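I opened the model to go through its strands, helices, cores and backbone. My notes follow in the order in which I looked things up.

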Amino acid sequence: MGIDVGGTHTDAVLMAGTTVLASVKTATTLDVTGGIVTALERLLAAPGIDHTAVDGVMIGTTHFTNALVTGRHLAPTAVIRLALPATAALPPMVDWPPRLVAALRPSIHLCHGGHEFDGRPIAPLDPGELRRVAAEIGRRGIGSVAISSVFSPVSAEMEETAAGILLDELPGLHISLSHQIGRVGLLERENATIVNACLRDLADDIVAAFTAALRAVGVTAPLYLSQNDGTLMDAEFTRRYPVRTFASGPTNSMRGAAFLADRPDCAVVDIGGTTTDVGVLAGGYPRQATGEVDIGGVRVNFRMPDVLSVGLGGGSRVTRDPELEIGPDSVGYRLTREALVFGGQVLTATDLAVAAGLADIGDPARVRHLDRDLVERGIEWMTRRVADLVDRMRVSATPLPVVLVGGGSVLIPADLPGVPSVHRPEHHAVANAIGAAIGQIGGDVDGLYTITASRTRADVLEEARAEAIDRAVAAGAAPGTVEVKEVDEVHVAYLPGNAVRVRVKAVGELALVPSGEDGRWATS
């Protein structure tokens, strides 16, 4: 079962291998989890469906992204940077929006430690210093800690040692380590780690709520959540790394589009009820952003797809004063109550599509009074906007074929200016849920390596490949199915010595093995 929670709709599919057995689209509820229960109940009510035969449930969720953007449900967090006597000029969270700093109520500590790019220590750890920090954290009643160290992707020793000291003093503490979350780049990696730490309590609640929702409909299969790079993580991994779910929505849609259209290399336009997301697929996986990204005003550098998003969807409001504009304001999940075709009073993009004959939704008679010139100009406005986004995503002069998915894809005609071909595959409205259902297990490496006479370039690349494969297997991939999908190396000229930054991504099929007398399946 694949489930994707969007701002307007919650979509769910049931698949057997590569065959879609059933699909549903329901309105996202204010509490989000309620919409998932409704989708599951409707999906399992389809004829011939046996809920005991479900062996995996994959969910893409907006819970954690929404929490950071709105500043709600964020846990008080202690931030420890191992760097003194360096880096004191720019303390942790120096570039955070004030509203988020106030929401976290952070306890910030600069401590001795850190490494140079080649693994040489800047300063040794001071266990006494860390114990005093632990005492302060305990006095403030803080339960989650983010630890970052200079160049920890090169050497994680100090972060791990510091975590051990804190846990000795405060057993049960939630600790997030930067080398497990972000890439090279101290402030952005540290930010990503703080975001992860402040979401740990919410992650426990969300995983428990999802598990309860499955039990409520009689499904006992293992639960997985979608990650930013198009792969899956199990429930326990989600509790530890909620930050990895942030871009699961667009990623699921792109993966589903590649599967449905059988096109591993193309541009994907996913039009939902609130936003339009445009990304590019390379080898069936989303092209990754090369630098840091901004989420809710916080710059982070963990793996994120390269996606352009605008506020254009089926629920987008149409305004005509002073000139025609569609979005970014949207009625969202209230579309079926507020749009004209559903008896409401708000003119939306969906109303224009129905009036133009592009979609058969609601009651077309309710939009027959719309001015024909307004309808035509509105459709042209949306078409130009989407075509411009696709053009901006190109990295060469070669035009990209486009796959249109999402329930809002009916807003756009079959032809886009400057696009050689446009495909709207079967099941396009639930491509995001299909992308979740077909998710694989991945492992990635992003680190700095030094090439020497005894450690050649080939040695470094093989070491990184092996580590990425091991991480994929440890995350739950079947060992014989893991393949390296991406290798990227950049020589770092601004560092002394022969330093190279290597990124490797490995992906494999989810490992399920029979468990118990009833033949149920479980992760290996």
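I began at His73, which lies in the loop between helix 2 and strand 5; helices (H or I, at least four residues) and strands (E, at least two) are DSSP runs, numbered from the N terminus. This is a predicted model, in which local features need pLDDT of at least 70 and side-chain atom pairs count only at pLDDT 80 or more, while totals for chains, interfaces and linings use all residues. Residues are numbered from 1 along each chain as its sequence is written, and side-chain values use heavy atoms, with hydrogens and water left out.

I read a phi near 60° for His73, a positive value in a residue other than glycine. His73 is exposed, with a relative accessible area of 60%; buried means under 20% relative accessible area, exposed over 50%, partly exposed in between (1.4 Å probe, protein chains only).

I then looked up Met93, which is not a glycine either and has a positive phi of about 65°. Met93 lies in the loop between strand 5 and helix 3. At 7% relative accessibility, Met93 counts as buried.

**Cis peptide bonds**

I noted a cis peptide bond between Leu84 and Pro85, with omega about 10°. Pro85 is in the loop between strand 5 and helix 3. Another cis peptide bond joins Gly327 and Pro328, with omega about 0°; Pro328 is found in strand 18 (residues 325-330).

**Helix 2**

I listed the buried residues of helix 2 (residues 63-70): His63, Phe64, Thr65, Ala67 and Leu68. They pack against helix 1 (33-44), helix 3 (98-104), helix 6 (186-198), helix 7 (200-216), helix 8 (235-240) and strand 14 (293-295). Gly71 follows helix 2 and has a positive phi, near 75°.

I checked burial in strand 5 (residues 77-84) and found eight of its eight residues buried. Strand 5 runs parallel to strand 6 (residues 107-112), with six bridges between them; two strands pair if DSSP finds at least two bridges between them. Leu84 stands opposite His112 in strand 6. Strand 5, helix 3 and strand 6 make a right-handed β-α-β unit; right-handed means that, with the strands pointing away from the viewer, the path from the first strand over the helix to the second runs clockwise.

Six bridges also join strand 5 to strand 7, and these two run parallel. Here I traced Leu82 to its bridge partner in strand 7, Ser149. Strand 7 (residues 144-149) is joined in parallel to strand 8 by four bridges, and Val145 has Ile175 as its bridge partner in strand 8. With helix 5 (residues 157-169) between them in the listing, strands 7 and 8 make a right-handed β-α-β unit.

Which residues of strand 8 point which way? I found His174 and Ser176 on one side of strand 8 (residues 174-177), Ile175 and Leu177 on the other, and all of them buried.

**Nonpolar cores**

Of its 57 residues, Met1, Val57, Leu199, Val219 and Phe246 touch the most other members. Helix 7 gives the most to this core, with six residues.

I followed Leu199: leaving aside neighbours within four places in sequence, Leu199 is in contact with Phe64, Ala67, Leu74, Pro242 and Phe246, where contact means heavy atoms within 4.5 Å. A second, separate core has 42 residues, including Ala339, Leu340, Val346 and Leu400.

Conventions:
Core = buried A, V, L, I, M, F, W, Y, C linked by side-chain atoms within 4.5 Å.
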